[in-house]
Amino acid sequence: MVEFLFLDLDDTILDFHKAEAIALSKTLTDFGISPTEENLRTYSAINKAHWERLERREITRSELQVSRFVTFLSAIGANVPGEAVARAYEENLSHGHYFFLPGAKEALDALLGRYRMFLLSNGNAKVQDGRLSSAGILPYFENVFISERVGADKPSREFFDRCTARIPGYAPEKALMVGDSLTSDILGGKNAGIPTCWMNPARKTAGNIHPDYEIGSLSELPGLLEGL
């Protein structure tokens, strides 16, 4: 029986891609750069590659925050300072809090009081603080663990060990890690000896990382948990 429920935030509860597109469009416009679909796709690909490098511990978080914009601006031929764009983007993104994925808010309501819920995020602390507070979902969680404050990132065992050390009565066999990222959430749960549930709305193939369970949206989670 599951007692400890670990939930990712971005693209598990909140629609990060929508918030990202809006924040990036505003940022680029403010710096005189056209937020075309091609530019947004270019940034998204570069950003994804940088996060994957962070997960492999090839770069630090502070390097990621600026380097992704330096790389992006160079790729589109824009002669503007990467550090300034990075700061503006994070400020704009911190207000992109209100985009819940379909069924996510209802799922949180159904889970509240039945499980000890914890939020685990690799996102920037300042950005996540603003989004979580404005979205009004902090009361659902017993604790929120943001990697920048934890001092380690998903999928490392160190991240999960530091989080679970702060949970009274924690037992890994009674936990479930739920998230959309195979390389961050699912691999991280496996590294920590925690059963995992992959949120996979696009029904992609898992490849060589095998989650224990799979759902298409968070609205399916209460029913899954009832059967465990």
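The structure is a predicted model, where local features need pLDDT of at least 70, side-chain atom pairs count only at pLDDT 80 or more, and totals for chains, interfaces and linings use all residues. Residues are numbered from 1 along each chain as its sequence is written, and side-chain values use heavy atoms, with hydrogens and water left out.

The pocket comes first. Rolling a probe the size of a water molecule over the atoms shows where empty space is left. On a 1 Å grid over the protein atoms alone, a pocket is an open set of points where a 1.4 Å probe fits, with protein on both sides within 12 Å along at least five of seven lines, and lining residues have an atom within 4 Å of a point. Grid points are joined across faces, edges and corners, and a volume is the space filled by probe spheres set on the points. The largest pocket comes out at about 1100 Å³. Its lining has 41 residues, with D10, D11, H17, D180 and S181 nearest the centre. The top contributor is α2, with six.

Now for the helices themselves. Axes here are lines fitted to C-alpha atoms over the stretch in contact, and angles run from 0 to 180 degrees between N-to-C directions. The pair α1 and α4 packs at about 135°, with axes 9 Å apart. In contact (heavy atoms within 4.5 Å), F16, A19, E20, A23, L24, K26, T27 and D30 of α1 meet V85, A88, Y89, N92 and L93 of α4.

Helix α3 (residues 61–75) also packs against α4, at an angle of about 115° and with axes 8 Å apart. Here Q65, V66, R68, F69, V70 and L73 of α3 meet G82, E83, V85, A86, Y89 and E90 of α4.

Finally, α2 and α3 pack at about 150°, their axes 9 Å apart. That makes α2 roughly antiparallel to α3. Residues in this contact include Y43, I46 and W51 of α2 and L64, F69 and F72 of α3.

Definitions and conventions: Helix = DSSP H or I, 4+ residues; strand = E, 2+ residues; numbered from the N terminus. Parallel < 35°, antiparallel > 145°, perpendicular 65-115°, else oblique.
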